Amino acid sequence: MSVVLEQIFQVGFLAAIIRIATPLAFATLGEMFSERAGVLNLGIEGIMLLSAMTGFTAASLSGSLWLGVLAAVLTGALMGAVHALFTVALGLSQHVCGIGVTLFSSGLAYFLYRLIFGQQSVPPNIKGFETLPIPILSDIPVLGPAVFNQFSLVYMAMLAIPLAAFVLYRTPWGLAVRMVGENPRAADSAGVSVIATRFQAVILGGALMGLAGAFLSMAQFNAFTFGVVSGRGWVAIALVVFGRWDPWRSAGAALLFAFVDALQLRMQASGLGHIPYEAFLMLPFIFTIVAMAVMSRNAVAPSALLKPFRREER
Amino acid sequence: MSTPAPLIEMRGISKSFGAVKANEAVDLSVAPGEILGLLGENGAGKTTLMNVLFGAYAPDAGEILVQGRSVAINSSADALAAGIGMVHQHFHLAPRLSVLENLLIGIPGRSGRIDRAGGLARLAEIGRQHGLTLDPDLPVSALSVGEQQRLEIVKALFRGARLLILDEPTAVLAPTEVDGLFSALRSMAAQGLGIIFISHKLNEVRALTHRCVVLRHGRVAGRVDAPASTTSSEMARLMCGHEIVPPARGPSMPGAAVLTLDGISTSHHSGMALRDVSLSVRGGEILGIAGVSGNGQRALAEVISGVRAPDAGKMTIAGKTVSRFSPSTVQALGLGRIPEDRMTTGLVTNLPLADSMVLPRIGTAAFSRNGLIKPDAIRAFAEAQIKAYDIRCPGPMTRAGALSGGNLQKALLARELAFDPKVLIVSQPTRGLDIGAARFIHEKFLDMRAKGCSIIVIGEDLEELLMLSDRIAVMYEGRIVGTLDSADASIARLGLMMTGAEGHA
């Protein structure tokens, strides 16, 4: 085990944690905004996949990575709007619609990818984002190269966390989001449009999920494969609960998950060879389940989560 | 009162839901500084009328004038802009957000941020003006019901309301809290606000309002210009369309003790625990349990109905000691129960009424055989009870939640009385019910009493307890502090005992 402990404090290991945490942080914040407004978005897995695809495609065709990011964000926002159309405007079951959005988006992603790139023996790739060291800060020993020599999308995630907390807790719009997630009738009688607020929150959430997808196909893997998301969306849903619907805690949960994931990658590589590698692969998920069970006991979901709002009903 | 220009005037308001005319040609006005009572039975159209005024429903006909100008109110935002604030019967608050956050919702911020300082200043100012103080940073869930109502009032004032609508505000309050509410409302009226006070409690309307409008079947049935000097029976006649005579209680002829509790104590699991409670109820007797809500009444009802097992003490029903506490064992011994909360513990709102009516006895031979239910028997039972108790509903397969409170209470009563219980325990039997429905329930209790049934009525409405009960026991902090014959009891004396002031009568 001392081998493992030594690994933890290596620069590479710390950097890996941050890198693994980034898409999870975007996705978790996105899901959190949606759920705080009272809308569970099970479309997250598919939205991330479709955004990863559109982002990759746009970057690949245009040659501009940032155009790719924009495409991914717009895709996420659009799919968020679709989910909101069904669950908020029409008041349909959030579970069913979310699964529907995931199935539809995944299918669409595979279909469009095939259509555009055909079936190639070697999957096409792009020259993805390169690390962008921040002057001075990246010179700090250990922490500097680990934290401040990252992709620009990583820095965006770092800024997104305090920004999300500020928006949620300090702005009138954030208060409206929290209110429509707790008691939509109260918001309505105060003259706040429940439908509009929920739409905005779900769309913003979708855009953040789009960023998560963009990071996967344009910074982490530099290619689009069918397994590019591989359950990260579902994990984000668990992390929101684990983080008790709070931006800071949710981001913390994402970091913790990333730590366990980075650890298992190291353990796979570090010659504990007689254990099948699948056992290590399970670790982050077992961790998530245990952490959820222990920590989420008295976590209270937004009161109006899953409840559609219809004004005429009394 | 002299009448200055009205703050709000409603002219010829009509509103129908399908074939039901909820409001028909209703005229109503409120002057600054005036408290207007809006009186009517459940379903008379009071709430609909106020929802029209607050923009929740669009009227089919009629117009609304604010300070003489005709305005269209299509949403609550419009109503707020016109200076109309409403305190709903069920509060519109987010329990996990703070008092201040509940106030600031929908208020534009300052340079993109929530205007906390401005909110605090405004809250303090309202507190000074009307004596309505609240801790701004407490979560709403930490407030008492009375404080939550205060927050609703402050919320309306916060938005600059000049007319305040209160929909049955006293239904949720303890008697002491009612006094506080009334003095706040009087102070607001003295400062020029208009107030519409909706209620079906005549004594409150007489005590508080300057003028009142009585609705019946959606129409204005009468206007009372001096409520304080009008008798309750006259106002009741306007409300119901006929005289209401309180049912007469026959002479007490109690038999042997049917239910006895001996030294019952419970743990502090949820709410106030019972401490060494002993009581007995005889056949043909009604025992009232008085007390401010939260002094162990719920635990008492739960122990007697077998939902909760006591830690110590003994309970006997018809001479048999209850050895295992469960709803089915005490029911088998002859206990009937009408729970406090019709909607959550009384019945299953999403199932057909018929299913809810047989639920406690679904396993008995009457309604099931070999583990399969007998749908025809269940339906026939429900149909018979609907007829016998005049439960107004489309049929036994109607979703239970769609019935009005009075009809639900009748259904719950029917379901217990159909099996001739030896003991009946009821909590808050007529809360939220109108005079007609309450009267019906009271008559049934007195009928059962005459047949020798023992009845325990747990309630906060002392007038009701005095009218029904042969004896009244008072609970305070989990104990029975005294029991009075109702002939010796008065509201004043019971009220004093309810504060724990008097040890023994």
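1. In this predicted model, helix 12 of chain A and helix 13 of chain A are roughly antiparallel to each other, because the angle between them is over 145 degrees. The angle at which the two helices pack is about 170 degrees, and their axes are 9 Å apart. Helix 12 of chain A covers residues 247–269, and helix 13 of chain A covers residues 277–295.

2. Which residues of these two helices meet? From helix 12 of chain A come Phe257(A), Val260(A), Asp261(A), Gln264(A), Met267(A) and Gln268(A). Facing them in helix 13 of chain A are Tyr277(A), Phe280(A), Leu281(A), Leu283(A), Pro284(A), Phe287(A) and Thr288(A). By class, the residues of this contact are nine nonpolar, three polar and one charged.

3. The chain that holds this helix pair, chain A, has 13 helices and two strands. Its radius of gyration is 20 Å, close to the 20 Å that the globule rule gives for 314 residues, so chain A is as compact as a globular protein of that length. Taken along the principal axes, the C-alpha atoms of chain A fill a box of roughly 65 × 45 × 45 Å. Of its 314 residues, 50% count as buried. Among the contacts in chain A between residues at least 6 apart in sequence, 77% join residues at least 24 apart.

4. Chain A also touches chain B, in a contact that takes 17 residues from chain A and 19 residues from chain B. On the side of chain A, helix 8 (172–182) and helix 9 (184–189) each supply at least two residues. Helix 8 of chain A gives the largest share, six residues. The side of chain A that touches chain B divides into eight nonpolar, four polar and five charged residues.

5. Chain B has 17 helices and 22 strands. The radius of gyration of chain B is 25 Å, close to the 23 Å that the globule rule gives for 505 residues, so chain B is as compact as a globular protein of that length. Its C-alpha trace spans about 70 × 50 × 50 Å along the principal axes. Buried residues make up 45% of the 505 residues in chain B. Of the contacts in chain B with a separation of 6 or more, 67% are between residues 24 or more positions apart.

6. How is chain B divided into domains? Domain 1 covers 8–240, while domain 2 is made of 257–334 and 421–498. The C-alpha centres of domain 1 and domain 2 of chain B lie 35 Å apart. Eight residues of domain 1 of chain B are in contact with seven residues of domain 2 of chain B. On the side of domain 1 that touches domain 2, five residues are nonpolar, two are polar and one is charged.

7. Val292(B) sits in the loop between strand 13 (286–290) and helix 9 (297–304) of chain B. Its C-alpha atom is separated by 7.9 Å from that of Thr499(B), 207 residues apart along the chain. Apart from neighbours within four places in sequence, Val292(B) is in contact with Ala174(B) and Met498(B).

8. Arg399(B) touches Asn350(B) and Pro352(B), not counting residues up to four places away in sequence. With 15 other C-beta atoms within 10 Å, Arg399(B) is partly exposed.

9. Gln67(B) lies in the loop between strand 4 (61–66) and strand 5 (69–71) of chain B, and Gln428(B) lies in the loop between strand 19 (423–427) and helix 15 (435–450) of chain B.

10. Is each of these glutamines buried or partly exposed? Gln67(B) is partly exposed, with 14 other C-beta atoms within 10 Å. Gln428(B) is buried, with 22 other C-beta atoms within 10 Å.

Conventions: Residues numbered from 1 in each chain as written. Chains lettered and ligands numbered in written order. Predicted model: local features only at pLDDT ≥ 70, side-chain atom pairs only at ≥ 80, totals over all residues. Helix = DSSP H or I, 4+ residues; strand = E, 2+ residues; numbered from the N terminus. Rg over C-alpha atoms; globule rule 2.2 N^0.38 Å. Buried ≥ 20, exposed ≤ 12 C-beta atoms within 10 Å, placed from the backbone. Domains from an automatic or database assignment. Nonpolar A, V, L, I, M, F, W, Y, C, P; charged D, E, K, R; others polar. Axes fitted to C-alpha atoms, helices over the stretch in contact; angles between N-to-C directions. Parallel < 35°, antiparallel > 145°, perpendicular 65-115°, else oblique.
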